[in-house]
Each structure stands twice: as structure tokens, then as C-alpha cells.
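Try each task before reading its solution.

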Amino acid sequence: MKYLTLALLLCALLPLSNAQCAVMGIKPGMTHCQDSVDNTWHEVGSTWRNSRCMDCTCTQCCSAYATPTNFPEDCVSVFDQKACKYIVHKKDDPSVLCPIFGAVGK
């Protein structure tokens with residue numbers, strides 16, 4: 001019965017988890033970990049942002065941005081790699097920003 005309860009609890013918590021994260025393991029006693037994207041080394045307890053716009057610790061990396069999902073049809077979303085964010089602007093005039101009504105991630 002306790003396994004069934006645990007299974008139900010895990011299923012209930014699944015939608016609350018951040019699907020934009022990757023979990024990494026560290027071994028007891030480790031003082032540093034390596035970012036698998038940039039191959040850079042970081043001290044346990046530190047935070048950093050890698051070249052794929054992921055905010056990381058030694059235990060996980062999570063998306064640093066939200067992806068727009070709902071905006072006017074005459075607009076387009078473009079990812080700004082340097083700023084690690086999407087910019088939504090008019091298709092025919094990139095200088096005019098558009099409202100974002102919904103997004104996923106982060």
C-alpha cells in the first residue's frame with residue numbers, strides 16, 4: 001500500500017516539476033563539477049550561465065528563459081542568444097515590439 005501511495009504522490013508532483021531542467025549528479029566529497037556544455041569547471045555551491053542559456057549549479061541546469069507561446073499573429077518571436085531571451089516583434093517591422101500573452105519555461 002505504501003508503494004501505491006508513493007506512486008500516486010510522484011504522479012501528482014510531476015506536473016509541478018520544471019521540464020526545462022536537467023538534473024546532474026555529484027559525488028560526496030566533490031569540490032568542483034564540470035559543465036557538460038562548455039566543459040568549464042565550477043566550485044560546488046556556485047551558480048553560472050552556460051552558452052546554451054542554462055542557469056546551472058552542480059546539481060542541475062535550468063533554462064534561463066521563457067519561450068513565448070501566445071502573441072499576435074502579425075508578430076514573430078526571435079531568440080537573442082546574447083541576452084538569453086526571446087524578443088517578439090512585428091513581422092514587417094522589427095522595431096515594433098509585440099505583447100506576449102503566454103509563455104512556457106523558466
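**Exercise 1.** Which cysteine forms a disulfide with Cys-75, and how far apart are their sulfur atoms?

*Solution.* A word on the ground rules: this is a predicted model, in which local features need pLDDT of at least 70 and side-chain atom pairs count only at pLDDT 80 or more, while totals for chains, interfaces and linings use all residues. Residues are numbered from 1 along each chain as its sequence is written, and side-chain values use heavy atoms, with hydrogens and water left out.

Step 1: look for the bond, taking a disulfide as a pair of cysteine sulfur atoms within 2.5 Å. Cys-75 forms one with Cys-98, the sulfur atoms being 1.9 Å apart.

Step 2: read the torsion. It is -80° about the S-S bond, and the link of Cys-75 and Cys-98 is left-handed.

Step 3: check burial, where buried means under 20% relative accessible area, exposed over 50%, and partly exposed in between (1.4 Å probe, protein chains only). Cys-75 is buried at 4%, and Cys-98 is buried at 11%.

**Exercise 2.** How many disulfides does the whole structure hold, and what pattern do they follow?

*Solution.* Step 1: a search of the whole structure finds five.

Step 1: count the bonded cysteines along the chain, and the pattern reads 1-7, 2-5, 3-9, 4-6, 8-10.

Step 2: inspect two further links. Cys-33 and Cys-58 have sulfur atoms 2.0 Å apart, and their S-S torsion is about -80°, so this disulfide is left-handed. Cys-56 is joined to Cys-61, also by a disulfide, and with 115° about the S-S bond that link is right-handed.

Step 3: compare burial. Cys-33 and Cys-58 are both buried, and Cys-56 and Cys-61 are buried too.

**Exercise 3.** In what order do the four strands of the open sheet run, and which strands stand at its edges?

*Solution.* Step 1: call two strands paired if DSSP finds at least two bridges between them. The order is E1-E6-E5-E4, with antiparallel pairing.

Step 1: find the edges. Strand E1 (21-23) and E4 each have a single partner strand, so one side of each is left without a neighbour in the sheet.

Step 2: follow E1 to its partner. E1 pairs with strand E6 (residues 60-63) over three bridges, and Cys-21 stands opposite Cys-62 in E6. Cys-21 is partly exposed, at 24% relative accessibility.

**Exercise 4.** Where does Asn-50 lie, and is Asn-50 buried or exposed?

*Solution.* Step 1: locate the residue in the loop between strand E4 (48-49) and strand E5 (54-56).

Step 1: read its accessibility. Asn-50 has a relative accessible area of 5%, so the residue counts as buried.

Step 2: list its polar contacts (N or O atoms within 3.5 Å; within protein, one must be able to donate a hydrogen and the other to accept it, and residues adjacent in sequence count only if both atoms are side-chain atoms). The side chain of Asn-50 meets that of Asp-35 at 3.2 Å and reaches the backbone nitrogen of Arg-52 at 3.0 Å.

Key: Helix = DSSP H or I, 4+ residues; strand = E, 2+ residues; numbered from the N terminus.
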